[in-house]
Amino acid sequence: MSRISERYQRFVVLRDVGKEGLQRIRKSKVAVIGIGGLGSISATKLVTLGVDHLRIVDPDVVDATNLQRQFLYREKDIGQPKVHLAARRLQPLNPEVTIDSIEVQLTKDTVDDLVKDMDVIIDGLDRFAPRYILNDACCRYNVPYIFAGALGATGNLTTILPGRTACLECIYGGVDDAQQPTCHSIGVYPTLLGVVANIQVHEALRIVLGHSPRLAGHLLFVDLNSLRFDQFPIARHEDCVACKNCK
Ligand SMILES: [Zn+2]
């Protein structure tokens, strides 16, 4: 067995993956928007899984408060842009993956080029304003968008299939970030981030493999302190401003 196929042996042997599944992964293009607490984990997992192209996007520099949970960064990195450091740390994990690190703020002007050629988008953001922009672009380009939020010991997730399932605007339209608690004020368990980010990657994996994502049309609430995982069906809003632009 060649070294390449040896690398993926434990994956290929899965009954619902096989060589065809691996080929799908090896051809996939996935973007992680925000390479902080959630994104550090999802990006690492995607590189070791062997996607063809990983795009990581973040405008921020490393600060000391990141180090306790964002394991791609070191104390000596404080003040340096996250995306390029992350790419440098991730690349040796799997030289076959093309990693595209983009240091940019996600805005209405930048979002199209970040989203349009991707197969799946994974949300690593911590505010709703850029998420609405991302959701809108995913609707326009028909790119699946895996939303997640994590705060304290609780997280929530859904997988948005544009034009088919409720989008972020349908579910959480009109959230004002200024009124929301943040990781700065409430904190976040690093353990929660691992659970939530891995569920996001598993949903992305199912999409790439051609399996139905389990959170399409469902919102999952995770409470790590009670170890409760609750799912609720969610419906599209007929007059949703984002969904009306879905292809
Ligand atoms: Zn919608």
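Predicted model: local features only at pLDDT ≥ 70, side-chain atom pairs only at ≥ 80, totals over all residues.
Start with the largest nonpolar core, which has 35 residues. Select Ile35, Leu46, Leu54, Ile56, Leu90 and Ile122, the residues with the most contacts inside this core. Now colour the elements that give two or more residues to it: helices α3 (18–26), α4 (37–49), α5 (82–90) and α10 (190–209), plus strands β1 (29–33), β2 (53–57) and β4 (120–123). Which element gives the most? That's α10, with six residues.

Next, zoom in on Ile122. Leaving out residues up to four places away in sequence, Ile122 touches Val30, Ala31, Val32 and Ile33, along with Ser42, Leu46, Ile146, Gln200, Val201 and Ala204. While you're there, pick out Ala31 again: it belongs to a second, separate core of 32 residues, which also includes Val115, Cys139 and Cys170.

For the side chains, select Gly21, Arg24 and Ile25 on α3, which meet Leu205, Val208 and Leu209 on α10. Sorted by class, this contact has four nonpolar residues, one polar and one charged.

Last stop: Phe128, in helix α7 (residues 128–141). Is Phe128 buried or exposed? Buried, with a relative accessible area of 13%. Beyond residues up to four places away in sequence, Phe128 touches Phe147, Leu168, Tyr172, Val175 and Asp177. Finally, draw a C-alpha to C-alpha distance from Phe128 to Glu169: the two are 41 residues apart in sequence and 9.9 Å apart in space.

Technical notes
Residues numbered from 1 in each chain as written. Heavy atoms only, no water. Core = buried A, V, L, I, M, F, W, Y, C linked by side-chain atoms within 4.5 Å. Buried < 20%, exposed > 50% of the residue type's maximum accessible area, 1.4 Å probe, protein only. Helix = DSSP H or I, 4+ residues; strand = E, 2+ residues; numbered from the N terminus. Contact = heavy atoms within 4.5 Å. Nonpolar A, V, L, I, M, F, W, Y, C, P; charged D, E, K, R; others polar.
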